[in-house]
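Please look over the sequence and structure before reading on.

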Amino acid sequence: MLAVEQLSHRFRNGSEETPVLHHIQFKVEKGEMVALLGSSGSGKSTLLNLMAGLMKPSEGSIVINNRPIEKMSENELAEFRRTHIGFIFQSYELIPHLTVRENVELPLVFQGVKAKLRKEKALSLLNKVGIGEKSELFPSQLSGGQQQRVSIARSLVTEPAIVFADEPTGNLDTTTEKEIIDLLIELNETLFITFVIVTHELEVARRTRRVIQLRDGFLVEDASWAGDAE
Ligand SMILES: Nc1ncnc2c1ncn2[C@@H]1O[C@H](COP(=O)(O)OP(=O)(O)OP(=O)(O)O)[C@@H](O)[C@H]1O
């Protein structure tokens, strides 16, 4: 599903180089739910951006569904991202002038899917994430937790191989945070969606069955356990 192989990354500003990730290596199998834990500055966002194909690594490889994404051209990568990768952001990133349903449909518009099928898929997912009755409202008419549900539905609508979530509960209160993590766990267990969730919160990480921890750009722990940690 996902293999990160000897991945290193340095940022270059003029003649200066900042090493940020060092020889990161791990695999994620289909249906796994993994937390990528680390404090601020440990390199989580950089790793996520590399895995999602938003940047090219200085060294190493990222293989998704047997395809090394760093070898793809910009066009290939854009197409691959659209069809194989879902993304959930901390700040939801919904389009304010589109309804909830239209927001969820948007990735399918880019794929050229016909309106009727788009609508069916969007409504079905909105029901799954528990906000089917909000489909014709605009994002601003929803709470933060509800907006994140919309963004989760949108990330799943193309049936991606893997979904990356970047601090998905970072803007939410503790109760809503728990509800959103419950939802991600339910989607993982019922639909076998593969999730990699970036977080700096131990509370979020301990809800998943596997935690990969970064410190100062090094992978310092990769721990799995059976059953819910709660
Ligand atoms: N464009 C850049 N140029 C130079 N250094 C960068 C750049 N982007 C990030 N860094 C550095 O890389 C390191 C890791 O940053 P990154 O954003 O990946 O960490 P993070 O773990 O996601 O932190 P946070 O939780 O605060 O988002 C930091 O020291 C940061 O200053």
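This is a predicted model: local features need pLDDT of at least 70, side-chain atom pairs count only at pLDDT 80 or more; totals for chains, interfaces and linings use all residues.

Which residues in H4 are buried? They are Arg118, Lys121, Ala122, Leu125 and Leu126. These residues span an arc of only 130° around the axis, so they lie on the same side of H4.

**Helix H4**

- H4 runs over residues 115–128 and has 14 residues.
- From its first C-alpha to its last, H4 reaches 20 Å, close to the 20 Å expected at 1.5 Å a residue.
- An α-helix has 3.6 residues a turn, so residues three or four places apart point the same way.
- Lys116, Leu117 and Glu120 are exposed, and they sit on the other side of H4.

**How H3 and H5 meet**

- The axes of H3 and H5 cross at roughly 30° and come within 7 Å.
- Because angles under 35 degrees count as roughly parallel, H3 is roughly parallel to H5.
- The crossing in which H3 passes H5 is right-handed.
- On the H3 side, the residues that meet H5 are Val100, Asn103, Val104, Leu106 and Pro107.
- On the H5 side, their partners are Val150, Ala153 and Arg154.

Notes:
Residues are numbered from 1 along each chain as its sequence is written. Helices (H or I, at least four residues) and strands (E, at least two) are DSSP runs, numbered from the N terminus. The expected span of a helix is 1.5 Å times one less than its number of residues. A residue is buried if 20 or more other C-beta atoms lie within 10 Å of its own, exposed if 12 or fewer, and partly exposed in between; C-beta atoms are placed from the backbone. The arc is that of the directions from the helix axis to the C-beta atoms. Axes are lines fitted to C-alpha atoms, for helices over the stretch in contact, and angles run from 0 to 180 degrees between N-to-C directions. Angles under 35 degrees count as roughly parallel, over 145 as roughly antiparallel, 65 to 115 as roughly perpendicular and the rest as oblique. A crossing is left-handed if the near helix is turned anticlockwise from the far one by less than a right angle, and right-handed if clockwise. Two residues are in contact if their C-beta atoms, placed from the backbone, lie within 7 Å.
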